[in-house]
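Okay, thanks for coming, everyone.

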Amino acid sequence: ATGTLNANLNVVSRGGLLSLSVPDINLELDPHSIKSRQIFQRGLVTGEMGLAPFVPRDNKGIKFLRFLIVDADVNINANDLSFIDLFTQKFKDMSINGTGLVDGRLRMEGGKVLQRTDLSIDAGDLDVNLFSHQITGDGKIEIDVKSDPGDELDLDVTFNNMVILQYGATIPLLTGEGLMLNATATNQLRVKGDTEPTRPTDINNKMKLENNKKKKVRLELIIPTARVSDMSVFNHYLPPDSPVLFTRGTAELTADVMLKHNDAEGFIRLKASKMEALVDKQLIRNDFSADISLVDGKLGERFFDISGSEFRLDNVKVVGANDEFNQKDWDALLVLNQAKTVLVDPIQLKAQATLSMTDSRPIVATLGNQKGTPKWAKKMLTVEDINGTVEMEVADRQLTIPNAFLDSDNIEFGAKGIFAGEKRDAVIYARYKKLDILLKMSNDKKNIDVIRTRRKFDDYHPPTELK
């Protein structure tokens, strides 16, 4: 480094208080490395800084930053942006790194960023980890304090171009332009050793925090438009070996989500075309749209209420060895009347929903591909306006359907069961006028029953675990 620096050091006694005042800094920094890792290539710092009185042995490592006093203009070409995490650790599920030009004014004192701070980073290589998703690309970061009296820190991240990958994945989840993250948190530096809340992961638990102090935490995610090149990436969110698997298809996604410590609101909308999926090994082709609503939630616990969300199927085609169905004017709508989810890996979900379908033809085609299905079942093709209710729960790496029942004038369909990988224990009931059947599934075995089928369906309850 070259330049000028005037400092006053004050030490009360050995092991006692230490303070430092540097009222005049004008330094041009040379490239600097730590353990062979280059932290920055060059830099310029002008202003003043110091350390408020503190006891070094009681504040080892980065804890001394609580006593740092800074009022300086900086211009640094940084190879490591992980220092930003010092300001964002209130967000347990977000971290930032990358490379870029750090420019602007930084004012700090007492472990807080002060008003009139205006720091920006032009990042050619920006890397944000959010809820186990890696967002990479080029963009800009801005750090400042807009609130009065300055008790909230604002951090805004804007991507020009971005790629989103799920943790451990190689195929992108999303690609697009203009993604924005606007974060606000309590303006207090957090360092290692501070108490942290625990995160429960039980969908049936209200998820109380052990350290439930009121926090000013807000995170807004805006995705103006993004592309899904392969719908199979969404299998990441399903239990391993789920009975429902996406195999192909493309989609467009938009989102505007506001997450707070004890609240959430916003939407995620996805529209897929020519999607293919395997439903219990039965190939289904269709167009698909999802309108996911966030009406409540807890950011720190990844717990969200998505009641009111809607999922629609159009242009459905059932492909099978015996029967097929292909009709452009057929559609189905699933509305989650009550639904709660926890964003752990894999996702947990508990929901009660209503389901409506144009008619019964896709279900009949699916049944027609099962050995032993009676011929009269095909007469159900003419039955229209199917409506019903569905209960479902995804937890502990398995899907449970306590009850699903659809009906119309002359037809009824019912389903109950539990699915986990290749294991399953389930029943499917179908009635047309006075004729009915029951499809029973136990792991890889399937058989059709035509005796006292409705009573057997009503008496069946999914087991709590599979053998």
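Let's start at Thr46, which sits in strand S4, residues 37-54. Keep in mind as we go that this is a predicted model. So, is Thr46 buried, exposed or partly exposed? It's partly exposed, because its relative accessible area is 25%, and buried would need a value under 20%. Which residues does Thr46 touch, if we skip the neighbours within four places in sequence? Those are Ile25, Asn26, Ala72 and Asp73. Asp24 is worth a look here too: it's 22 residues from Thr46 in sequence, and the two C-alpha atoms are 7.6 Å apart.

Okay, zooming out to the whole chain. We've got 467 residues, and 45% of them count as buried. For secondary structure, there are three helices and 27 strands. If you take contacts between residues at least 6 apart in sequence, 56% of those join residues at least 24 apart. The chain exposes about 24000 Å², with carbon and sulfur atoms supplying 51% of that.

Now the inside. In soluble globular proteins, nonpolar side chains tend to be buried together. Here, the largest nonpolar core has 103 residues. Which ones have the most contacts inside it? Val128, Ile141, Val157, Leu174, Met231 and Leu270. There's another core lying apart from that one, with six residues, including Phe405, Val427, Tyr429 and Phe457. Going back to Met231, and not counting residues up to four places away in sequence, you'll find it touching Leu270, along with Phe246, Arg248, Gly249, Thr250, Ala251, Ala272 and Met275.

Next, have a look at strand S10, residues 152-166. Eleven of its 15 residues are buried, so this strand is mostly covered. What does S10 pair with? One partner is strand S9, residues 133-144, running antiparallel over twelve bridges. Within that pairing, Ile141 has Val157 in S10 as its bridge partner, and both of those were on my list of residues with the most contacts in the largest core. S10 also runs antiparallel to S12, joined by seven bridges, and there Leu155 stands opposite Ala183. Then there's strand S11, residues 174-177, again antiparallel, with four bridges to S10. For that one, find Met162, whose bridge partner in S11 is Gly176.

Is Asn187 buried or exposed? It's buried, because its relative accessibility is 3%. A polar atom of the Asn187 side chain lies 2.5 Å from the backbone oxygen of Val113. Setting aside neighbours within four places in sequence, Asn187 contacts Val113 along with Gly111, Lys112, Val145, Gly150, Asp151, Glu152 and Leu153.

Asn315 counts as partly exposed, because its relative accessibility is 30%. The other one is Lys433, with phi near 55°, again positive in a residue other than glycine. Where is Lys433? In the loop between strand S25 (423-432) and strand S26 (435-442). At 47% relative accessibility, Lys433 counts as partly exposed.

That's my tour, so over to you.

Key:
Residues are numbered from 1 along each chain as its sequence is written. This is a predicted model: local features need pLDDT of at least 70, side-chain atom pairs count only at pLDDT 80 or more; totals for chains, interfaces and linings use all residues. Side-chain values use heavy atoms; hydrogens and water are left out. Buried means under 20% relative accessible area, exposed over 50%, partly exposed in between (1.4 Å probe, protein chains only). A polar contact is a pair of N or O atoms within 3.5 Å; within protein, one must be able to donate a hydrogen and the other to accept it, and residues adjacent in sequence count only if both atoms are side-chain atoms. Contact means heavy atoms within 4.5 Å. Helices (H or I, at least four residues) and strands (E, at least two) are DSSP runs, numbered from the N terminus. Two strands pair if DSSP finds at least two bridges between them. Accessible areas come from the Shrake-Rupley method with a 1.4 Å probe; for residues, only the protein chains shown count as cover. A nonpolar core is a set of buried Ala, Val, Leu, Ile, Met, Phe, Trp, Tyr and Cys residues joined through side-chain atoms within 4.5 Å.
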